[in-house]
Amino acid sequence: MSTREATPAAGHRHRWSVESAHQVSEGLLVYQRCECGRRRVASTPAYPVAYPGLAAVDA
């Protein structure tokens, strides 16, 4: 039995929204944020069609 308590951020499924996206030489760099306040950086290859979920930028 674990004595670790779940944090609020760990207790839900993250719903990532795009804060900003930038073209770089390696592809697309995407900064994302969850409603819980957690952030992440994702990247796609030069042809983001292979990863449409990451390449979608909400304006």
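Two strands pair if DSSP finds at least two bridges between them, and strands themselves are DSSP runs (E, at least two residues) numbered from the N terminus. Keep that in mind for the first stop.

This is a predicted model, where local features need pLDDT of at least 70 and side-chain atom pairs count only at pLDDT 80 or more, while totals for chains, interfaces and linings use all residues. Residues are numbered from 1 along each chain as its sequence is written, and side-chain values use heavy atoms, with hydrogens and water left out.

**Stop 1**

You're looking at an open sheet of 3 strands in the order 1-2-3, paired antiparallel. Strand 1 and strand 3 are the edges, each pairing on one side only. From one strand to the next, the twist averages 20° (axes are lines fitted to C-alpha atoms, and angles run from 0 to 180 degrees between N-to-C directions).

**Stop 1: the hairpin**

Now select residues 27–34, which is strand 2; 6 bridges join this strand to strand 3, and the two run antiparallel. Strands 2 and 3 form a hairpin with 4 residues between them.

**Stop 3**

How many disulfides does the structure hold? The count is 0, with a disulfide taken as a pair of cysteine sulfur atoms within 2.5 Å. The sulfur of Cys34 has its closest cysteine sulfur in Cys36, but at 3.7 Å that is too far for a bond. Colour by accessibility here: Cys34 is buried, at 2% relative accessible area, whereas Cys36 is partly exposed at 35%. The cut-offs are under 20% for buried, over 50% for exposed and partly exposed in between (1.4 Å probe, protein chains only).

**Stop 2**

Side chains of opposite charge can pair when their charged atoms come close. A search of the whole structure finds 1 salt bridge. The pair links distant parts of the chain, with Glu19 in strand 1 (residues 16–24) and Arg39 in strand 3 (residues 39–44), 20 residues apart. Glu19 is partly exposed, at 41% relative accessible area, while Arg39 counts as exposed at 52%.

Key: A salt bridge is a side-chain nitrogen of Lys or Arg within 4 Å of a carboxyl oxygen of Asp or Glu.
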